[in-house]
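Me: I would like to go through this model by question and reply. Please set out the terms as they come up.

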Amino acid sequence: MLSYGKFMAEFLPPVEGEPNDNTYDHMFDAVPANGKEQDIHQLFVEAVNNAGVLGDFSLAATDALPNRTYPKRRKTDVGMYRKGTVPPTGRRTGWAAIELTVVFKAHYDQYDSTEDESVDCEDDLGQIPSYASSVFSRQHVTHHFVVIILGDCAWIARIDHAGLVSSSKFNYKQEPAKLGQFLWRLAHASPETRGRDPTAVYVSPTSPEGLEMLAWETKTLPADDYTRQLFVKTLDRGWAWWKLKVRDGDGYKEFLVAKPTFIAPGVVGRATRGYVAYDKSNKDRPFVYVKDCWRVVHERSELEGDILAVLNQHEVSNVPTVLCHGDVEGQRTVSQDVWASLHPTKECRMKAHQHYRLVVNEVGLSLKMFPNGRELVSVLIDCIEAHEEAYTKANIMHRDISVGNILLIPCGEHPVDKQPLYKGLLTDWELSKRTEYNDLEARHPDRNGTWQFLSVNALRHPKAQIEIADELESFFHVLLYCAIRFLPHTCDNVSRFMYDFFDRGETVGRSWYTCSILKWSVLYRGCIESASGVPIVFLTRTRTKEEIAAAVAEVEGTPYLPLQELLPEGSTVSAKTINPEDQRHPIDEILRTLLGWFKARYKLVRLAEMARPSTSDFSLGDVDLDDPRSLAKWQRNVNGLPQNTASRPLPDIAKLRETAQNIVTHTPILSLLTATVHGVNWKKKWMRDDKQPDQLDPDFDPGDPEKCLGKRTTRDDDVLEESQPDSKRARSVGSQG
């Protein structure tokens, strides 16, 4: 938190022609501290507009109705708009044009701090960051100002993608010049000072460039021209359209974009947006993909476009082809610098972010649009091959395998049944790392990838180097994620499983989260089951409750519940009535085989971890797992058993090591998947129509799981995830590379 004077000096310094303080005397006398909220908002708007301090801008009360085109239907109390863009009647918030957000709060104890400190934007400020998030998603800005009215007091904040810097609280009735001065300076500041990005120019749908974009709606093109279809789908007049400049060598290229296909949630972080863009300079390939983000600044960070250029030079297959890219000059967050200047002896939690744009040739579809289970696995094979080639040819490890970073590229249809075929594209290489840097300290120890898809090992040991086994486990999690949502199975509460396995975390001390107990249990025990211990089986088709019960009861090696306890009362179905092997989906076999490999790894890890504690007659140090005498002694001591008591059977260390070797390289998993998908008997195993409607509850929110964990219905994905979905979701919430 900065004093009011320091805040203004830092972000809105004095300008020539500024009125003196007396200009603002009695400016807010007519605004009551209490009363009907809408009346207070309107009186505040009238007080400011009548004072004539906003020049080409004016305030508008937009508290009555939410914005109909915004998915979360957010609204704010009052906003500042350039004259001519003020929201029309209806008092709806115009997020695409708002220049300042004004929020009124009835209680302000939580903000009543006298400490001289900046605030991490998502810690304690309630809804305040959501207003900035709405602006960042609809506009191209570097930062946004928010005024919070707290009774008779006011508080000013500046939010960027590193965090938030606030002014001290002041009584705007007793000191009207402070708020009046802020409003005058903001209205008379340059667009860049207000937060505008000069490399993004608004395009009106009625302008020549807007009409050129709209012309694609009526052009006759092949039916399989999916890129044009995706572009036309973005021509939503409820969203602002833009012309974006992207660095191309020593110059720039311009791209026309409309509604983004993806917007990352939240304020702090990369804030990735993806666009199917029109490159009017390229008549042969007019549609490309533009990734707009704020990358974390680090001395060893490489630009994603440079990484892709290396992969392209090494002819790594199934990765994006970089067209142009570069930092947006002069656009770097400052919140972290302000915090550091106030706390020179403390480590700053906020990270510097630099605005960056990348353009690639390929326009992909979300992995969740896969047509059937066989194509899903086939696409994963492509991406594992890309991962292997990047590692062996270019010495680069991806380190961020997730559902959002694997895309579908249509590549024709099957010659016999005419079903669509897809190629997988492994994208988002920003967090990748050259293998020669493995011995160096992690650049971002808390950002090794997308939380939901990180391996158990990576989550339990966040500073450890990512290995091939970790990456292959992430591919496993991607497969499980898609299968549990879109393929037939016996899980009766998908929302509960999704939360318990992918989103739930366990606190370790006060510093970091590790994976959920369920995720650890599934990998360690080698069995997919719910948190209550009921096995989950993937089936070739949907089943009745009785059939599901029979299939679950017959899961190999998992007799957790007797069949009679699973079947409805009075049922005549027995385990012998149905052949569970005929029910099993091929993906069930894949998942269980992979789990056997990962189980061996974690058994070995667990043995090594449990060997470390010191006991009365066992010294410190790792156990020699090759010496049965040492292992037996360790078991007796760890389990607290008397020396003459028989311990549990010794694990077959050699067998575990042999099994775990399957995830040391890419070859075994590629062999397994290829044999299952492309073997001579694939037609007998796979069904073309096995994909189900999304089984995740449409209201599922990992940040508030209890409100929907009891439901199981179909779900419509966010409208902003039609193609190139980004992976950088918050932990409690899956980009084109």
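Reply: Helices (H or I, at least four residues) and strands (E, at least two) are DSSP runs, numbered from the N terminus. This is a predicted model in which local features need pLDDT of at least 70 and side-chain atom pairs count only at pLDDT 80 or more, while totals for chains, interfaces and linings use all residues. Residues are numbered from 1 along each chain as its sequence is written, and side-chain values use heavy atoms, with hydrogens and water left out.

Me: Is Gly404 buried or exposed?
Reply: Gly404 sits in the loop that joins strand S17 (396-397) to strand S18 (406-413). Its C-alpha atom is 8.5 Å from that of Thr427, which is 23 residues away along the chain. Buried means under 20% relative accessible area, exposed over 50%, partly exposed in between (1.4 Å probe, protein chains only). The relative accessibility of Gly404 is 1%, so the residue counts as buried.

Me: In what order do the three strands of the open sheet that includes S18 run?
Reply: Two strands pair if DSSP finds at least two bridges between them. The edge strands, each pairing on one side only, are strand S16 (365-366) and strand S19 (420-426). The pairing is antiparallel, and the order is S16-S18-S19.

Me: Which residue in S19 stands opposite Ile409?
Reply: S18 and S19 are antiparallel partners, joined over six bridges. In S19, the residue opposite Ile409 is Lys423.

Me: What is the relative accessible area of Asp428?
Reply: Asp428 belongs to the loop between S19 and strand S20 (433-434). Its phi is positive, near 55°, in a residue other than glycine. Asp428 is buried, and its relative accessible area is 0%.

Me: What is the relative accessible area of Asn318?
Reply: Asn318 is in the loop from helix H8 (304-313) to strand S14 (322-332). This residue, other than glycine, has a positive phi near 60°. Asn318 counts as buried, with a relative accessible area of 13%.

Me: Which residue takes a positive phi in the hairpin of S9 and S10?
Reply: Strand S9 (residues 241-248) pairs with strand S10 (residues 251-257) in the antiparallel sense over seven bridges. Arg247 stands opposite Tyr252 in S10. The hairpin has two residues between the strands, and the positive phi, near 65°, belongs to Gly249.

Me: How are H13 and H14 oriented to each other?
Reply: Axes are lines fitted to C-alpha atoms, for helices over the stretch in contact, and angles run from 0 to 180 degrees between N-to-C directions. The axes of helix H13 (residues 494-503) and helix H14 (residues 517-525) cross at roughly 85° and come within 6 Å. Angles under 35 degrees count as roughly parallel, over 145 as roughly antiparallel, 65 to 115 as roughly perpendicular and the rest as oblique. H13 and H14 are therefore roughly perpendicular.

Me: Is Asp689 buried or exposed?
Reply: Asp689 lies in the segment after helix H22 (682-685). At a relative accessible area of 59%, Asp689 is exposed.

Me: What is the mean pLDDT of the chain?
Reply: pLDDT is the predictor's confidence in each residue, from 0 to 100. A value of 70 or more is reached by 78% of the residues, and the mean is 83.
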